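Welcome, and thanks for taking a look at this one. Here is a short briefing to read alongside the sequence and the coordinates, grouped by topic.

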Amino acid sequence: MESKNLERKIWFKGGIVPIDDAKINVLSPTSQFGANVFEGLRAYWSASEKQLYVFRLSEHIDRLQNSIKMLGFEAEFTNVFLQQSVIDIIQANNFQEDLVCRQTVFLDGFGNWAATGPVEMFIAPMAKGRYYKESQGISVCISSWERINERSLSPKIKMGANYMNSRMGQLEAVRNGYESAIFLNQEGTVSEGPGSCVFIVKDGVLITPPLTASILDSITRSTIIDIASDDLGLKVIERDVEKDELYIADEVFMCGTAVEIVPVFSVDKVQVGQGVEGEITLNIKNLYLQIVRGKVKKYKKWLTPVYKE
Ligand code: PMP
C-alpha cells in the first residue's frame, strides 16, 4: 500500500512530483491554522468507453473560487487553469479506475492566520471505489454539536478549518456506537452531516433543508434535486426540516461526492421506514450512478473526459 502511494504523483505548486516530495512548511498558515480551501472531486471509469470522467468539474471549480474569495486568499488562478491541472495530474498517473481527488488551495509561507498569500495548490487523486456496499445503510445520531453557521464560520466556504466541527460530530457519533451524525443548526432545524447533505422522503415527496440551513452548497444535492424532478417525476421541496421529521420519514439518505448516496436506516436508534433502502432512494442512486459513468446521454454535459477522445 505504502509503496503504491510513493509511486503516486501529485500536482504540487505548479509541478507534478512524487507524493513523497510534496512537502510544506510547518509554520505555514495552512499547517498552523487550517488556512486552506478545497474540493473533493470524483472521476468514474467507463470500461466500455475506456474513458475516465470527472463529474461536474466546472461546478467544483466555481465553488473553489468562491471559497478562495470568501477567505480573502490573493490567488490568481483562472478557472481554465484550475480545471486543466486536475486533468493533467490524473493523466500523469494514468488512472483507469474510479477516483476521488482532493484539490486544495492553501496559504504557504510564514504568515499568520490573517495572511492573504502566498497562495499555493496541490491536487491529489486517489483510487477509490464506493464507500458503501450495495443496499448498505448507516445508523446516525443527532449530534449534540451545533453546525457552524454564517455568523461565525461560514459552512459555504469549503475550508479545512470547518472540518473540525465535522470532526467533533463524527467522533461523538462513533463513540456512542453510530456510524455518523446529522447536525442541527442554530435554529434547531436539520442542517447536514459531517461531510454530506441530508434528504428525507415523506409520502413520495423528496424534501431537503435549504441553502440557508447552514449547509455546504453541495453539488450532489443540487444534482439530486435536478434529476429527481426532471427524470424521476418526483416533487422536490427545499424547506426547513425538523428533527422529529427524521424519525417518522419514510426514507432518509445522505449524499456527497465521496459517499455518493447512502441510505440512513436509523436516526437516534429509531428505525427509519422499514429499516432498509427505500425505493425512492434506490431509484435516485441508480440513476445517479448511471449518470456519473456517462450512461445517460443528456447528462454527458456534466462529465469532463480525462483522456483524449
Ligand atoms: N456537506 C459537507 C460538510 C461536506 O463536506 C460535503 C462534501 N463535500 C457535502 C456536504 C457534500 O458536498 P458535495 O456534494 O459537493 O460533495
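Lys 50 sits in the loop that runs between β3 and β4 (51-55). In this predicted model, Lys 50 has a positive phi of about 50 degrees, although it is not a glycine. With a relative accessible area of 61%, Lys 50 is exposed, because exposed means over 50%.

**Backbone features worth a look**

- Arg 56 is not a glycine either, yet its phi is positive at about 50 degrees.
- You will find Arg 56 in the loop between β4 and α3 (57-70).
- Is Arg 56 buried or exposed? Its relative accessibility is 7%, so Arg 56 counts as buried.
- A cis peptide bond links Gly 117 to Pro 118, with omega at about -5 degrees.
- Pro 118 belongs to the loop between β5 and β6 (119-127).

**The ligand and its surroundings**

- How many residues surround the ligand? There are 16, and the closest are Tyr 163, Glu 192, Ser 218, Thr 220 and Thr 257.
- Tyr 163 places a polar side-chain atom 2.4 Å from an oxygen atom of the ligand.
- Thr 220 also uses its side chain: an N or O atom there is 2.5 Å from an oxygen atom of the ligand.
- Ile 219 takes part through its backbone, where an N or O atom lies 2.8 Å from an oxygen atom of the ligand.

**The largest pocket**

- The volume of the largest pocket is about 800 Å³.
- Its lining is made up of 39 residues, and those closest to the pocket centre are Tyr 163, Gly 195, Ser 196, Ala 258 and Val 259.
- Which elements give two or more residues to this lining? They are the strands β3 (36-46), β5 (99-107) and β12 (251-256), together with the helices α5 (163-175) and α6 (219-230).
- Sorted by class, the lining of the largest pocket has 21 nonpolar, twelve polar and six charged residues.

**The cavity**

- Rolling a probe the size of a water molecule over the atoms shows where empty space is left.
- Searching the whole structure turns up one cavity of 30 Å³ or more.
- The largest cavity holds about 40 Å³ of space.
- Its lining consists of Arg 130, Tyr 132, Lys 133, Gln 136, Val 259, Ile 261, Val 262, Pro 263 and Lys 285.
- Which element supplies the largest share of that lining? Strand β13 (residues 260-267) does, with three residues.
- By class, the lining of the largest cavity splits into five nonpolar, one polar and three charged residues.

- Ile 261 is placed in strand β13.
- Ile 261 counts as buried because its relative accessibility is 2%.
- Leaving aside neighbours within four places in sequence, Ile 261 is in contact with Arg 130, Ile 224, Phe 253, Met 254, Cys 255, Thr 281, Ile 284, Lys 285 and Tyr 288.
- Ile 261 and Thr 220 are 41 residues apart along the chain, and their C-alpha atoms are separated by 8.6 Å.

- Thr 104 belongs to strand β5, and at 6% relative accessibility it counts as buried.
- Beyond four places in sequence, Thr 104 is in contact with Asn 36, Val 37, Phe 38, Glu 120, Met 121 and Phe 122.
- Asn 93 is found in helix α4 (residues 79-93).
- Why does Asn 93 count as buried? Its relative accessibility is 17%, and buried means under 20%.
- Setting aside neighbours within four places in sequence, Asn 93 is in contact with Arg 8, Lys 9 and Pro 125.
- Val 306 lies in the segment after β15 (303-305), and its 2% relative accessibility makes it buried.
- Not counting residues up to four places away in sequence, Val 306 touches Gln 51, Leu 52, Val 54, Ile 87, Ile 90 and Gln 91.
- Val 306 and Ile 90 are 216 residues apart in sequence, while their C-alpha atoms are 7.3 Å apart in space.

Methods
Residues numbered from 1 in each chain as written. Predicted model: local features only at pLDDT ≥ 70, side-chain atom pairs only at ≥ 80, totals over all residues. Heavy atoms only, no water. 1 Å grid on protein atoms, 1.4 Å probe; cavity = no way out; pocket = protein on both sides within 12 Å on 5 of 7 lines; lining within 4 Å. Points joined across faces, edges and corners; volume = space filled by probe spheres on them. Helix = DSSP H or I, 4+ residues; strand = E, 2+ residues; numbered from the N terminus. Nonpolar A, V, L, I, M, F, W, Y, C, P; charged D, E, K, R; others polar. Buried < 20%, exposed > 50% of the residue type's maximum accessible area, 1.4 Å probe, protein only. Contact = heavy atoms within 4.5 Å. Near = heavy atom within 4 Å. Polar contact = N/O pair within 3.5 Å; in protein donor to acceptor, adjacent residues only side chain to side chain.
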